[in-house]
Structure formats: C-alpha cells, structure tokens
Amino acid sequence: QTIPYKEMYPDGICKVKDNYFTKTIQFFDINYQLARNEDKNEIFENYCDFLNYFDQSISVQFSFLNQTVDMAEYEKAVHIPEQADNFNDIRIEYMGMLKNQLSRGNNGIIKRKFITFGIEADNLKAAKQKLERIETDIINNFKILGVRAFSLNGMERLELLHSCFNGGENKLNFSWNLIYKTGLTTKDFIAPTSFNFSDGRCFRMGGTIGAVSFLHILAPELTDEMLKNFLEIQSALSVNIHIKSIDQSEAIKMIKRKITDIDKMRIEEQKKAVRSGYDMDILPPDIMTFGVDAKKLLEDLQSRNERLFLVTVLVMNTGRTRKELENRTFEASAIAQQKNCPLRRLDYQQEDGLMASVPI
C-alpha cells in the first residue's frame, strides 16, 4: 500500500491514480564541462527551450540515481570466454586488467539518469496518445542537445523500481504471465521485505536504512556545479528534481500581485517616516531589493518568453547502519551548504519523501 501506483502496463505506462498516468525515459551524459564556451551557451539555450516545452499540464521528475551493484554481476560483463585459437593468453591478461580496474574504480556504484513525466487523462487510451507524443518530443529535444535517450518499457521500469527498493542486490524475478498465475500485482514483485517509518527522521527498507532531505533554496542563484558535486559522492544516493510549470498568465498575475504588495509596504513605510519626521526616501533594504527582483522577474516573463516553475529538490541517502547513514547525510549537507542552501530532513514525512524519490 505504501508504493503509490495502481498498475504498470507492459508498454511502460504506469497508472498512478485513476486519472493520472506516467512514462519514464533514461538519458545519458554529454561532455558539457569540456565543451568550448560557444558550445556551452548553445547547449544551455537548447536546455532552456527543452524545459520551456513543459506546460502546466505536464508534471516532470528528473531522477539522478547512484546505486550499488552486485560486483559478481558486474564482473560477468567483462568476462571474455576462451576461443579455439592462439590468443587465450591475451584474453586472460586483458580480462584481468579489466577486473583490476573494476575493483579499484567506482566502489560498485552505477550512475543512471531518468526523466519521468505524467499527465492527467480520462482513460488509458487517451493517456497513451498524449504520452507517446510527449515522449517523441522529449527524445527529439534530447537529440538536439546531443544526448542519447530511450523510453523504458514496463519490465525495465519494474527493474528500476525493484533496484530502488532493494538496493540493486538481488535480481527481479518476474514475467507478465505470473500476474495471472499467482493473482499478485506487479507491486508484490518489486517491494522490499519490509517498510518501517516509525522513526520520524529516517526509514527502514528491508536491510537498508535511509533518510530523505529537501533542499531549502535560499541562494539567489544556483549553478549546475551543485548537482555535479552531489553525483560525485561515491555512495548510494538519489537526487530527484520535481518540476511543475505555472500557467504563463497566472504567473504574471502572481508577480504583479507581489509588486502591488511591495508598493503598499513602501507607502506604509513612507507614511511612517513622515509622521516620525525623518526622510521618506530612507526605506528598509529588503523592500528595495524585493522590488527590484520582482520587476526583473516580471520583465523576464513578459518580454523574454521565460516560464515560472515550482521546483522541489529531494536528496535520499541510504546506508547499512545508522552511523553510515548519518555520515553520508553529512557529506551531502556539506555540499549543499557550500552553495548557501541547507539540506533539511523531512521530519515525519519520510514515507512521502521516499516515494517521491523513486521514478513513479
């Protein structure tokens, strides 16, 4: 009951609620850091156009997952079978070199990136048409950025959720005909052995202990460095960015209301100054700063074709013991603190936080 979806279909569409359906796309990295400045600007502008594509009818979730993998499975990938020729010595030497690199490399951490998007629709048929159109547009937008991307089918989505809930240790043992044979649902196959949310500041999931925090965005601006630093942590971690676009006319009205409020505060302060007998141009610095920021934001929305987004950034750390978890949470908090954005623990909201940290 904790896992918040109703049904997963073989084509990769997930029915989350009666009238809400989602799909997931996996995408890969491009070498942005090493690009020339002109190329960086072009990539950034294309990325802005990509985000502006999402209107208020589409909910978007970016998931960046650092997961531990079974090293035995990983080693199978570099195993080179012997052949009936004279080159087996070279194969054995090369395989040993690869295994050596593997053992010294990434601590058995695999890094994957996904975008999950959802829409409201009356039924599956209507949702399918809309989701497929959005999926094509997203993949084409990624292609413009030079990013490889592909859509996940139902089995791949279940494998992804299973690895999120079970730490990537054991393989998903599932086929679609098992639903009819056993009378179980897909959720029975991906769920961990237990969920425990009795502690307000962390949760237990099978043999794993974890905690979800949210990024309290206080900094006037954030660079992409923060996400890069999070993903360089060599331990199990997931960063999820939930994005919801606000209707353009509603966003402009909202900013205008804020400007009106600031002007009202300014007039009240000026009246107070006149009554007290000092210069009415001396105003609290906050009012001056907020006034300038709000007008600049309004100008961006009206003349530069920008969109306003509501954004929630969640960071989930997991570990085998409470001490390991606290150390990993502290490491993530230190990175956020460098950018003047504290990480705040979701006290008594760990269940919601966990389910918002998996690509459903």
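How many residues lie between E8 and E9 in their hairpin, and which residue in the turn has a positive phi? Two residues separate the strands, and Gly-206 in the turn has the positive phi, at about 65°. The model is predicted.

**Overall make-up**

The chain has 360 residues, of which 39% count as buried. Its secondary structure comes to 12 helices and 12 strands. The C-alpha trace spans about 95 × 50 × 45 Å along its principal axes. Among contacts with a separation of 6 or more, 76% are between residues 24 or more positions apart.

**Strand E9 and its partners**

Strand E9 covers residues 208–215. Seven of its eight residues are buried, so the strand is largely enclosed by the rest of the structure. E9 pairs in the antiparallel sense with E8, with E11 and with E12. The table lists these pairings, each with one pair of facing residues.

| Partner of E9 | Residues of partner | Bridges | Facing residues |
|---|---|---|---|
| E8 | 203–205 | three | Phe-203 and Gly-210 |
| E11 | 308–319 | six | Thr-318 and Gly-210 |
| E12 | 343–345 | three | Arg-345 and Ser-213 |

Ser-213 is placed in E9. Is Ser-213 buried or exposed? At 2% relative accessibility, under the 20% cut-off, Ser-213 counts as buried. Leaving aside residues up to four places away in sequence, Ser-213 touches Val-313, Leu-314 and Val-315, along with Thr-329, Leu-343, Arg-344, Arg-345 and Leu-346. Arg-345 in this list is also the residue that stands opposite Ser-213 in E12.

Val-315 has a further relation, to Ser-333. The two are 18 residues apart in sequence, and their C-alpha atoms are 9.6 Å apart in space. Ser-333 lies in helix H11, residues 322–338. With 23% relative accessibility, Ser-333 counts as partly exposed.

Most residues other than glycine have a negative phi. Asn-340 has a positive phi of about 60° although it is not a glycine, and its place is in the loop between H11 and E12. Its relative accessibility is 52%, so Asn-340 counts as exposed. Tyr-348 likewise has a positive phi of about 60° without being a glycine. Tyr-348 lies in the loop between E12 and helix H12, residues 350–355. Its relative accessibility is 73%, so Tyr-348 also counts as exposed.

**Helices H1 and H4**

How are H1 and H4 arranged? Helix H1 (residues 37–52) and helix H4 (residues 124–145) pack at an angle of about 170°, and their axes are 9 Å apart. An angle over 145 degrees counts as roughly antiparallel, and H1 and H4 are therefore roughly antiparallel to each other. On the H1 side the contact is made by Ile-43, Asn-46, Tyr-47 and Phe-50. On the H4 side Ile-138, Asn-141, Phe-142, Ile-144 and Leu-145 take part.

**Nonpolar cores**

In soluble globular proteins, nonpolar side chains tend to be buried together. Here the largest nonpolar core has 42 residues. Phe-27, Phe-62, Ile-115, Ile-138, Phe-142, Phe-230 and Val-239 have the most contacts inside it. H4 gives the largest share of this core, with six residues. Ile-138 and Phe-142 belong both to this group of residues with the most core contacts and to the H4 side of the contact with H1.

Which residues does Phe-27 touch, not counting residues up to four places away in sequence? Its contacts are Phe-62, Phe-64, Lys-113, Phe-114, Ile-115, Phe-142, Val-147, Arg-148 and Ala-149. Among these, Phe-62, Ile-115 and Phe-142 are also named with Phe-27 for the most contacts inside the core.

Another core, of 28 residues, lies apart from the one described above. Its members include Met-8, Leu-65, Leu-172 and Val-358.

Note on methods. Residues numbered from 1 in each chain as written. Predicted model: local features only at pLDDT ≥ 70, side-chain atom pairs only at ≥ 80, totals over all residues. Heavy atoms only, no water. Axes fitted to C-alpha atoms, helices over the stretch in contact; angles between N-to-C directions. Helix = DSSP H or I, 4+ residues; strand = E, 2+ residues; numbered from the N terminus. Parallel < 35°, antiparallel > 145°, perpendicular 65-115°, else oblique. Contact = heavy atoms within 4.5 Å. Buried < 20%, exposed > 50% of the residue type's maximum accessible area, 1.4 Å probe, protein only. Pairing = 2+ DSSP bridges. Core = buried A, V, L, I, M, F, W, Y, C linked by side-chain atoms within 4.5 Å.
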